[in-house]
Amino acid sequence: MAAPPAGDPRAVCPWPFLNSLGVSTISPQPPPQASKAKTFASVLSGSVESSVTLSQLPVPVIRGDTTYVKINEQLYQDQLKSFKNNLIGRLLLRKGSSPMKLHDLKTSLASLWKISSPWRLVPLGKGYFDIHFNTEEDMRRVWGGGLCTLASGLFRLSQWQPDFKPGDALRQTHSQIWVRLYGLSQDYWHPQHLMEIARGVGTPLQLDKATKEREFGYFSRVLVDVDLAGNLPSSLMVERETHCFPIDVVYENMCDNCGMVGHTID
């Protein structure tokens, strides 16, 4: 039997009869390599921030004792567009109730809202949440539902606004009110026309069933988010290219004397 070449690490079997039994020789395995410890820089090397080069970042400016940094305004304006279907929510727990986990809160809200498109609930702290909807239709539908009653408290919805921080006092001057529009003939009862007209008093959210299906024509009825701190018009002028006419606006369940919702002057 020929000897293996010099330097060959393979084991040699001195008994040839064992080869007929199918016994194979075993080559030694190389020793395991010690894993190289990751540095902090290597961990961050694949992050999103690494795609921004240092030359793109602004140079800080010191004025007095304060350091100012100026962000990219165009990038900020583009970012705002992604929040057009958002709402701000606030969880108000009943006295003695245990804090809710995020998963439990989202499950409870999903059972109330029943929307099929994906949506996200982002905690902001101090009981506030940023709610991201996929479509404007979902956002308006949920907003139109108003206050959510949960087993452990209430979940209040309000219009999303830029520069909002949970520590700021969020004035609750808005309310969802059913608004009646008098003086519209049936040729103006297209859903888009009604929403366009209702935009004159606030943010239109939805039409009621009777209006949508044109079950009667005395008045059209639109749920609108209105700012009670402003002046709510009692009439509107509706314009077309070659025509203009007035209509009357009535706010349901709102006192004409004090402007509060929940009672009438009667």
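Contact means heavy atoms within 4.5 Å. Axes are lines fitted to C-alpha atoms, for helices over the stretch in contact, and angles run from 0 to 180 degrees between N-to-C directions. Helices (H or I, at least four residues) and strands (E, at least two) are DSSP runs, numbered from the N terminus. The model is a predicted one, in which local features need pLDDT of at least 70 and side-chain atom pairs count only at pLDDT 80 or more, while totals for chains, interfaces and linings use all residues. Residues are numbered from 1 along each chain as its sequence is written, and side-chain values use heavy atoms, with hydrogens and water left out.

An open sheet is formed by five strands in the order S4-S5-S3-S7-S6, with antiparallel pairing; two strands pair if DSSP finds at least two bridges between them. S4 and strand S6 (148–149) stand at the edges with a single partner strand each, so one side of each has no neighbour in the sheet. Strand S3 (residues 86–93) and strand S7 (residues 153–159) run antiparallel and are joined by seven bridges. Leu92 has Leu154 in S7 as its bridge partner. Helix H4 (residues 136–145) packs on the sheet, where it touches S3, S5 and S7, and its direction makes about 30° with that of S3. Helix H3 (residues 102–113) lies across S3, S4, S5, S6 and S7 and runs at about 135° to S4.

A nonpolar core is a set of buried Ala, Val, Leu, Ile, Met, Phe, Trp, Tyr and Cys residues joined through side-chain atoms within 4.5 Å. Buried means under 20% relative accessible area, exposed over 50%, and partly exposed in between (1.4 Å probe, protein chains only). The largest such core has 21 residues, and those with the most contacts inside it are Leu181, Leu184 and Ile247. S12 gives the most to this core, with four residues. Among the contacts of Ile247, leaving aside neighbours within four places in sequence, are Leu181, Leu184, Ile197 and Val238. A second, separate core of 20 residues includes Leu91, Ile115, Trp119 and Phe155.

Ser220 is in strand S10 (residues 220–227) and counts as buried because its relative accessibility is 0%.

Most residues other than glycine have a negative phi. Lys126, in the loop between strand S4 (119–125) and strand S5 (128–133), has a positive phi near 60°. With 65% relative accessibility, Lys126 counts as exposed. Asn253, in the segment after strand S12 (244–251), also has a positive phi, of about 60°. At 44% relative accessibility, Asn253 counts as partly exposed.
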